[in-house]
Amino acid sequence: MSAPTRRLTTAQALVRFLSAQYTERDGVRRRLIAGTWGIFGHGNVAGVGQALVEYADVMPYHQGRNEQSMVHAAVGYARQLNRLSAQAVTTSIGPGATNLVTGAALATINRLPVLLLPGDYFASHAPDPLLQQLEHPVEADVSVNDTLRPVSRYFDRITRPEALIPSALQAMRVLADPAETGAVTLALPQDVQAEAYDWPEEFFAERVWYVRRPAPDPVELAAAVKAIRSAQRPLIVAGGGVHHSEAEAALKAFAEATGIPVASTQAGKGSLRHDHPADLGGIGHTGTAISDELARTADLVIGVGTRYTDFTTASGTLFQNPDVRFLNLNITGFDAHKLAARTLVCDARSGLERLLEALPGHRVSKAYEAEYRAGKERWEEVVEAAYRAADENAVPTQTQVLGALDAAVGDDDVVINAAGSLPGDLHKLWRSRSPRQYHLEYGYSCMGYEIPAGIGVQQAAPGTPVWALVGDGTYLMMPTEIVTAVQEGLPVNIVLLQNHGYASIGGLSEETGGERFGTAYRFRAADGTFTGAPLPVDLAANAASLGMDVLRAKTVRELREALAAARASDRPTCVYVETDPAPTAPPAEAWWDVPVAETASREAAVEARERYERQVADRRRHL
């Protein structure tokens with residue numbers, strides 16, 4: 001007797017399959033693919049598009065305006081839900097597909113799950129060359145979708161209907177695996193999408209993917225305990241893995257029991273509340289003074305769920321104690337072995353719990369605790385000074401904007417940022433009050449991420465106030481998803497800071513001898529130079545034209561009032577403020593390596609090279 005089958009197109013089978021996939025961790029079950037973003041063209045409208053109509057009752061559809069933005073929205077959604085639920089993104093062949101590459105890179109670098117379903121050429125090659133097809137003279141199976149291979153954790157081109165079965169299962173395995181997750185791409189040839197096949201009923205059965213919490217190896221655990229017991233100045237570096245594992249309570253218990261202080265990466269900020277005695281704030285190039293002071297003298301650095309990017313290590317110049325050693329607790333062996341560390345390859349929460357069990361009564365010295373607590377108090381005075389506005393009727397500085405927002409938000413509000421000068425100011429100054437409040441995408445630092453990510457976060461956490469912080473440069477990259485927020489009725493708030501140029505890269509250009517060339521929005525004169533007059537661009541009017549409510553704030557007082565009104569609104573709202581460009585953030589406490597021209601005739605570059613050579617001399621290889 002033959003097994004029961006169901007005759008569906010490949011696209012219909014895929015959508016039906018995706019609707020029956022779940023994750024489960026700690027007894028909590030979620031839809032693995034909770035919805036699908038899509039922009040339709042000839043490469044997917046008659047396949048996946050028709051399938052989404054066919055199964056609209058089980059697969060929610062969201063209409064986007066830009067393919068990259070749709071991936072950002074899906075990434076924001078997955079991050080808000082600790083990678084336990086994700087979204088799919090479908091596009092046409094050609095530019096729709098290649099627009100996915102930036103978003104895919106962002107997802108994979110940040111270890112966040114998203115399923116990409118780009119259209120592809122005809123598997124039969126019957127109408128070659130079709131519209132938007134890349135013709136390669138010696139590799140007929142290459143398409144533009146191959147650009148997604150290096151930025152995907154799993155990639156397949158489904159050239160036969162039956163090939164979908166093993167590939168779809170592998171795709172779900174990768175998306176749900178905390179050690180492997182990232183962007184997953186199933187390229188779908190147009191003709192195969194529409195081709196019918198007799199699918200086994202088992203393919204559509206409900207399937208649960210259990211998200212593991214692997215425990216540390218006993219031998220590694222014993223070595224880690226020995227290293228901690230022998231350390232006099234240990235320091236924890238909390239990364240994004242703390243959040244993904246929902247290990248915040250375990251980290252808090254570990255820090256309180258041992259007295260070991262905690263500094264955080266951009267992804268890890270909020271692992272402890274800002275007012276916890278052991279929380280030292282950010283670390284590295286954009287870190288706090290006390291975090292970086294302790295990092296320079298630490299004899300044991302305990303990395304928990306961190307990738308140790310160059311911002312965290314100050315390009316290899318931060319950890320200066322000659323005897324410093326590293327202990328890395330990470331769910332991936334790839335990251336755990338960085339900096340020649342002792343390793344605990346395990347889930348962050350289970351690893352911290354096992355460490356605490358194995359360290360009864362262990363605590364750092366009272367002198368060390370007093371040292372870092374005093375440093376924390378000193379830094380709080382720096383934050384207060386940066387946030388404080390002496391004149392409520394003055395134009396606010398950027399840090400005063402953050403101070404006003406700090407006063408307006410509640411504990412569970414989510415603040416989103418990704419690029420420009422804001423990430424540095426936020427990492428140093430923001431007072432995180434809950435694990436998900438601080439949402440910085442700094443693995444890829446992608447301009448344009450904030451607004452679509454805000455939509456994804458709002459979808460994942462309905463009723464939560466969401467704030468997308470953007471400068472004028474970032475806003476101009478990708479404002480189009482404002483229309484999506486309006487269409488979906490999502491009350492995302494945008495705080496739009498206008499400073500007429502690229503503030504962050506302008507400062508970096510000046511520091512490295514580039515003389516701020518090409519970093520401001522100014523009129524170009526007939527001789528090719530730029531005049532001092534800013535462009536007459538009204539970004540607030542643009543946001544209003546796309547459907548947002550817009551509140552213009554010219555002073556600190558008006559800014560406070562506008563932020564309060566935006567938080568109380570049930571409509572997508574933009575708070576627009578032109579900021580005083582005078583720098584008010586505390587300077588960097590650690591270096592960042594941006595190579596400077598080794599030879600140049602201009603004085604600015606010559607001086608920058610001299611500074612560079614002095615700083616790069618402090619780099620260490622930890623072996």
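1. Which strands does helix α6 lie across? Helix α6 (residues 164-176) lies across β4, β7, β8 and β9 (183-189), and runs at about 160° to β9. Helices (H or I, at least four residues) and strands (E, at least two) are taken here as DSSP runs, numbered from the N terminus. Axes are lines fitted to C-alpha atoms, for helices over the stretch in contact, and angles run from 0 to 180 degrees between N-to-C directions.

2. On the basis of the note: this is a predicted model, in which local features need pLDDT of at least 70 and side-chain atom pairs count only at pLDDT 80 or more, while totals for chains, interfaces and linings use all residues. Residues are numbered from 1 along each chain as its sequence is written, and side-chain values use heavy atoms, with hydrogens and water left out.

3. An open sheet of six strands has the order β5-β4-β6-β7-β9-β8, with parallel pairing, where two strands pair if DSSP finds at least two bridges between them. Its edge strands, each pairing on one side only, are β5 (61-63) and β8, and the twist averages 20° from one strand to the next. Strands of a sheet pair through backbone hydrogen bonds, either parallel or antiparallel. Within this sheet, strand β4 (residues 33-38) runs parallel to β6 and is joined to β6 by four bridges; Trp37 has Val89 in β6 as its bridge partner. Helix α3 lies across β4, β6 and β7, running at about 170° to β6.

4. Helix α1 (residues 10-18) is largely enclosed by the rest of the structure, because eight of its nine residues are buried. Buried means under 20% relative accessible area, exposed over 50%, and partly exposed in between (1.4 Å probe, protein chains only). The buried residues of α1 are Thr10, Ala11, Gln12, Ala13, Leu14, Val15, Phe17 and Leu18.

5. The packing of α1 against α6 can be followed residue by residue. The axes of the two helices come within 11 Å and cross at roughly 35°, and the crossing is right-handed, a crossing being left-handed if the near helix is turned anticlockwise from the far one by less than a right angle, and right-handed if clockwise. Thr10, Ala13, Leu14, Phe17 and Leu18 in α1 meet Leu164, Ala168, Leu169 and Met172 in α6, contact meaning heavy atoms within 4.5 Å. The residues of this contact divide into eight nonpolar, one polar and no charged; Ala, Val, Leu, Ile, Met, Phe, Trp, Tyr, Cys and Pro count as nonpolar, Asp, Glu, Lys and Arg as charged, and the others, Gly among them, as polar.

6. As to the nonpolar cores, each is a set of buried Ala, Val, Leu, Ile, Met, Phe, Trp, Tyr and Cys residues joined through side-chain atoms within 4.5 Å. The largest has 50 residues, and Ile228 and Leu355 are those with the most contacts inside it; helix α8 (residues 218-230) gives the largest share of this core, five residues. A second, separate core has 34 residues, including Val48, Met172, Val184 and Phe203. Leaving aside neighbours within four places in sequence, Leu355 is in contact with Leu221, Ala224, Val225, Ile228, Phe254, Leu329 and Leu344.

7. The peptide bond from Asp128 to Pro129 is cis, with omega near -15°, and Pro129 has its place in the loop between β7 (114-120) and β8 (154-157). Asn82, a residue other than glycine, has a positive phi near 55°; it sits in the loop between α3 (67-80) and β6 (86-91) and counts as buried at 12% relative accessibility. Ser315 likewise has a positive phi, near 55°, in the loop between α12 (310-313) and β16 (325-330), and is buried with a relative accessible area of 8%.

8. Ala394, in the loop between α15 (366-387) and α16 (398-408), counts as partly exposed at 26% relative accessibility. The C-alpha atoms of Ala394 and Thr555 are separated by 5.1 Å, although these residues are 161 residues apart along the chain. Ser434, in the loop between α17 (422-429) and β19 (438-440), counts as buried at 9% relative accessibility, and, leaving aside its neighbours within four places in sequence, is in contact with Gly270, Asp411 and Asp412.
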